[in-house]
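Biologist: Could you walk me through how to read a model like this one? I would like the general idea each time, and then a case to look at.

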Amino acid sequence: MNRIQKFFTKIKGLLVHRFFQVLLFIILGLFAYGLMFSNVKPEKVEVELFKPSEQTIRSTKTVEDTYKTEQEKEEISKQVADVYSLKKEYAKNKVDLISSIFDSAIEVNKETDPDKEHDDDGKENKKGTIKTDAQKVSILKEKLTDEVNKNIEESVFLALVQADEDELKIAKDSTITAVNNVMSSRIAASDVENAKKKVVEELGYMSINSDMKKASNSLARTAIIQNVFFDKDKTEEQRRKAVESVEPIRILQGQIIVEENQLVDRDVYRQLELAGFLNTESTIYPYIGLLLFIFLTFAAFYYFFYFSISKKDNKYNQLLIFSLVFILSMATMKTVSILADLKNSNLEYIFPGAMAAMLIKILLNDKLAVAMIILLGSYGTIIFNGDTPGNLDFSMGLYIIFGGLTAIIILSRPNFKSKVLVAGLLLSLINMAFVFSLIFIMDGHYTRMEYLYYAVAAIGSGVGSAVLTMGLLPFFEAGFGILSSIKLIELSNPNHPLLRKILIEAPGTYHHSVMVANLAESACEAIGSNGLLARVGSYYHDIGKTKRPHFFIENQMNVENPHDRLQPETSRDIIIAHAVDGGEMLRSHKFPKEIVDIAEQHHGTTLLKFFYHKAKKQDDATLESAYRYPGPRAIMKEVAVIGIADSVEAAVRSMQHPTPEKIEELVSFIIQDRIQDGQFDECDITMRELSIVKHSLCESLNGIFHSRIEYPEADKLGQKVKE
């Protein structure tokens, strides 16, 4: 593993240069392009007219079938009936004509009547001389137009001039009424004769002489004409609207154009031509599209890595891990897709897409885990595009993204980071529910065995993701020196040999370490730092005391303090050695660097005040630097908090009847003393965060400590803090 770690260290050294960063992204892009190249490559289809197809062919795009659309429009247009319009003015014109004829007949009779009539003013008025019927007919014709005269029979004129005024008025009213009634209804060309018969039937009830009745019938029949005519404009308008309502007939993307062994007739051949399968010219557009898509995604990720991650060493570490997980996931995805194509099944649902999200979540952070699963989901739509080249399987992309996001959410819950397998089992159930939701939405008709197959594939995806994550984590942890949550939880096991060593050989130190762990974890979580790292680091921070446990006060149970008989220099060396010894012991057991740093740095370069003042009394020339811990000072926030918690726990444990006020005063003193001593100069912890740490420690201590031994006076605070 050391060789692997050295190899990756060299790679990280190269990534310091912008050129190699860009080169890495180019390599990743080319790798992705190579895997997806075959999925966008247009498939060559060999079909012949009037011969069975050798394969099932699906359309790679949605295209309009213009021929069938035009056929549908023609059929719809033919189904639209001709529009006929009713000419209502025809009825009025015929009524007016009949009225005029009868009025003219009445006028003629008045003009040719020898009897006298009175005007409205009572004066006599002579109408002229007696005329013969022929003369009356002639006068009547003169009052009418030639066209009207031509259409009226001679017998009608004769009957009109022979009838008296009362008969004419009765005939007029009856004829007008009958004509108006019949002409008000729709009369087509084929209905004219029936309409004429109808008007004659209505006039059959007139109580006038037969000649006048015949004349009225003749006039009425003459007045009845066609009043419904073909309306070309309205007919064309109706047909235009009907044609516009026709939806274009399309060959949909993914639609089967021809089944395997199906005869390729002219219609199928035409559809294949429309879908572009008969085009012998090769196209480069799918390759350009894939290249552009990969460029856009990796350009976005390059921007994120370059501008969003501030710590350089962390940036290069994250970049390498992200790249390796991406390569591993893409290779797995391609392998699963090939197997699915060979077996002609939906094997792709077994793809452990959540593995990448789990690894990045545990090794790095949530943001990169979400970014990774979105990237894999988008590429999965291409790789798992099935038998249809160029088609995007969005359902598979959704499945990958949903599963990955679900895994991130599950692992974000408390107590789940170490339970990857349990998280995988829970993910399997959610995957199964999501798969069923997809196939139900798509309204697929499946057998019970097919449903069972989908369920098994979904469960396999979840469990496989968890198993692969657990199997790969140790390699990433060893290769990159990463301290994961799972590793920390393993180290926190009370059965760990070193923890058992502390418990057996230095029980007081063990109890002290547990108390410090509780304090440090709460304080670190309060400021947003790694509480789990603080807890586990606290367990081992005093592991060096196991070499000489009885020289430390917490392990001196009813025995004499050996420091009372030793020179200050000897006591100093023993006390200071526990930090150095602890670091060496942890290194020999191959502990993570972060835990080793906590053991070596939790005292920083603080002063052993008690022994310094004791030595000062013996020799005034004693140097203060000789009684300081060798350091280094805290670099991580977690180390700074553990150092404060370590001093605070020891100090409060020495107090008798501690009160909240005394505890707060003591915590403030210890934090202020470390600030003035420059112990946080190399750590990026802020004053605001130190205030939060103080508040958290006070809350925890008030609930833990009750009655303790009285602590020395304020001016002696710190002399026995860590002795």
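**Reading burial, rings and charges**

Modeller: Buried means under 20% relative accessible area, exposed means over 50%, and partly exposed is in between, using a 1.4 Å probe and protein chains only. Before we go on, this is a predicted model, in which local features need pLDDT of at least 70 and side-chain atom pairs count only at pLDDT 80 or more, while totals for chains, interfaces and linings use all residues. Residues are numbered from 1 along each chain as its sequence is written, and side-chain values use heavy atoms, leaving out hydrogens and water.

Biologist: What share of the residues of the protein counts as buried?

Modeller: The figure is 45% of the 723 residues. As for the fold, the protein has 29 helices and 8 strands. Helices (H or I, at least four residues) and strands (E, at least two) are DSSP runs, numbered from the N terminus. Contacts (heavy atoms within 4.5 Å) are worth a look too: among those with a separation of 6 or more, 78% join residues 24 or more positions apart.

Biologist: How should I read a pair of aromatic rings?

Modeller: A pair of aromatic rings is described by the distance of the centres and the angle of the planes. Rings of Phe, Tyr and Trp (its six-membered ring) pair if their centres lie within 6.5 Å; planes under 30 degrees apart are stacked, over 60 edge-to-face, and the rest tilted. That rule gives 23 aromatic pairs. Take Tyr-33 and Phe-37: the ring centres are 6.1 Å apart and the planes meet at 55°, so this pair is tilted. Both residues belong to helix α2, 4 residues apart, about one turn of the helix. Phe-37 is partly exposed, because its relative accessible area is 33%.

Biologist: Why do Phe-402 and Phe-434 count as a stacked pair?

Modeller: Because their planes are at 5°, with the centres 4.2 Å apart. This pair links distant parts of the chain: Phe-402 is in helix α17 (residues 394–412) and Phe-434 in helix α18 (residues 420–441), 32 residues apart. Phe-434 is buried at 14% relative accessible area, whereas Phe-402 is partly exposed at 33%.

Biologist: How do I read charged side chains?

Modeller: Side chains of opposite charge can pair when their charged atoms come close. A salt bridge is a side-chain nitrogen of Lys or Arg within 4 Å of a carboxyl oxygen of Asp or Glu. There are 34 salt bridges in the structure.

Biologist: Which side chains meet Arg-628 in salt bridges?

Modeller: Arg-628 has a salt bridge to Glu-624, 2.9 Å from N to O. Asp-677 also meets Arg-628 in a salt bridge, at 2.9 Å from N to O. Asp-677 lies in the loop between α28 (660–676) and α29 (687–704), and Arg-628 in the loop between α26 (609–618) and α27, so this pair ties together parts that are 49 residues apart in sequence. Asp-677 is partly exposed, with 23% relative accessible area. Salt bridges with shared partners can build a network, as they do for Asp-65, Lys-68, Asp-267 and Arg-270.

Biologist: How far apart are the closest N and O atoms of Arg-565 and Glu-560?

Modeller: They are 3.7 Å apart, and the two residues form a salt bridge. Arg-565 is exposed at 58% relative accessible area, and Glu-560 is exposed at 53%.
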